[in-house]
Amino acid sequence: MITKLYSASLRGVDAFEVEVEVNACGSETPGVIIVGLPDAAVRESSQRVTSAIIASALELNLGIKTVNLAPADLKKEGPSFDLPIALAMVGASGTKTLETDGFCVVGELGLDGMVRPVKGVLSIALEARARGRKFLIVPESNAAEAAVIEGIDIIPVRNLRQAWDFISGEKRIAPFVLDRRAFFESHRSYLVDFNEVKGQQHVKRALEVAAAGGHNLLMVGPPGTGKSMLAKRIPTIMPNMTEEDAIETTKIHSITGMLDTKKSFLTTRPFRAPHHTISDAGLLGGGTNPGPGEVSLAHHGVLFLDELPEFRRQTLEVMRQPLEDGHVTISRAAGSLTFPARFMLVAAMNPCPCGFYGDSKRQCRCSVRQIENYRQRISGPLLDRIDIHVEVPLVDFKELTSDAVTGESSAVIRERVANARDIQVERFKSVKLSTNSAMSARQVRECCQLDAESKGYLEHAMEQMNFSARAHDRILKVSRTLADLAGKQNISGNEILEAIQFRSLDRRLFE
């Protein structure tokens, strides 16, 4: 007897449907044969499945069971096929015909029949809905993650017996219901706030501009000036993620297994801060079975690179493509995978190896050669892709020890940033962009028209500071964001001058 069930497997950040077919023969020799390009974890499922069926007191034919996972030309990975294979084997061993067209099933089995959570349930739920499946049977721990997707009933199960009783129609399990709006609102809080930062008003201004336009930012200053503290608070002033953005970001974290029952869905902007010893594959993504790297895990959020010159130069250079294109393409012999990577890059560095070059109170111990070598670890093309450069000096003692809360809260800054973002969304609605930083050269010409005075300021800066053509466009993009924050229709000389100020630091440091 042949029994069919539907499941799904992951390819990149998306899922594809897999048809699980089981044929139970009348042979006296027991055994399970799995075909359809299974990996080691899928091949080993035969032992887990057999033990789980026996432990659950379900009927199992002693003959040879052939399991086919279709389509046969795509590799199947992971233990998520345990549950559908077990259900199909029980169905093929009995005489009862199952109506399984409306079901999609995923889950890993323990030897005792308990169902364990799996990766990528959010992507699987989207694929099951697209295929018209009515029910998605998932491990109980994955139910909240899958229930974010509307249009499909999520059935949580704890063990194999419970799943069989439901799919055979013997018992009813109520679908998992999630109040999406209440869930989003209750999980949109941050543990940190901008009003906790003492002083550094000009740096806060730069961070506000960067968040408003999605601009990349570099902070330069001696140790202990609050660069990391400021960076960690950038997500708190970025606009709240839409449900579409949250789903796209959660899919990436889900396939890497970074979600748990307490954090089954991302409703706040991700903040990723990899160590400077990270490899190219760790940052960009890759591996034998390519997975997303830190640039993709920071999608719709912030990627913070502290001690930027300490990263290997080759590792930094691999970021140039995602910074420009907003995605990463990883090619292997079996094919290519594309991961989204539209993030805001925030970097921090010291002005020299010891950190005190230019400090008025502490003496620098580095030689000229050491300083030059340290700064030259960062290439010019990478610096050109960073829109805003800002110096972070030491905080005055009186400001540092003051008990008064003088700074604005993250909520106040976020409101201004959100208003500026709304202007940009309206401006670019025909080309599906959301920030000024993503403008192409053509859109820069159309949206960043300058009057004679502004052109004069920019021309003088280009000649005196030897800016590149890419830096020219970056200045215009930042100027456009400054005008949006001020609610101006046109860019004036003030915006151009402030944008030039945000680009001048790298010329003083690196030339």
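Mentor: Definition to start with: a salt bridge is a side-chain nitrogen of Lys or Arg within 4 Å of a carboxyl oxygen of Asp or Glu. This is a predicted model, where local features need pLDDT of at least 70, side-chain atom pairs count only at pLDDT 80 or more, and totals for chains, interfaces and linings use all residues. Residues are numbered from 1 along each chain as its sequence is written, and side-chain values use heavy atoms, with hydrogens and water left out.

Trainee: How many salt bridges by this rule?
Mentor: The count is 28 salt bridges.

Trainee: Which residues are linked in a network?
Mentor: Salt bridges link Glu324, Arg385, Asp387, Arg470 and Arg474.

Trainee: What does arginine 205 form a salt bridge with?
Mentor: Glutamate 498, with the closest N and O atoms 2.9 Å apart. Arginine 205 sits in helix 8 (residues 201-213) and glutamate 498 in helix 22 (residues 493-510), so the pair ties together parts 293 residues apart in sequence. Helices here are DSSP runs of H or I, at least four residues, numbered from the N terminus.

Trainee: And aspartate 484, what is its partner?
Mentor: Arginine 480, closest N and O atoms 3.3 Å apart.

Trainee: Are aspartate 484 and arginine 480 buried or exposed?
Mentor: Both are buried. Buried means under 20% relative accessible area, exposed over 50%, partly exposed in between (1.4 Å probe, protein chains only).

Trainee: Where does glutamate 108 come in?
Mentor: Glutamate 108 pairs with arginine 116 in a salt bridge, closest N and O atoms 3.9 Å apart. Glutamate 108 is buried at 18% relative accessibility, whereas arginine 116 is partly exposed at 43%.

Note on methods
Helix = DSSP H or I, 4+ residues; strand = E, 2+ residues; numbered from the N terminus.
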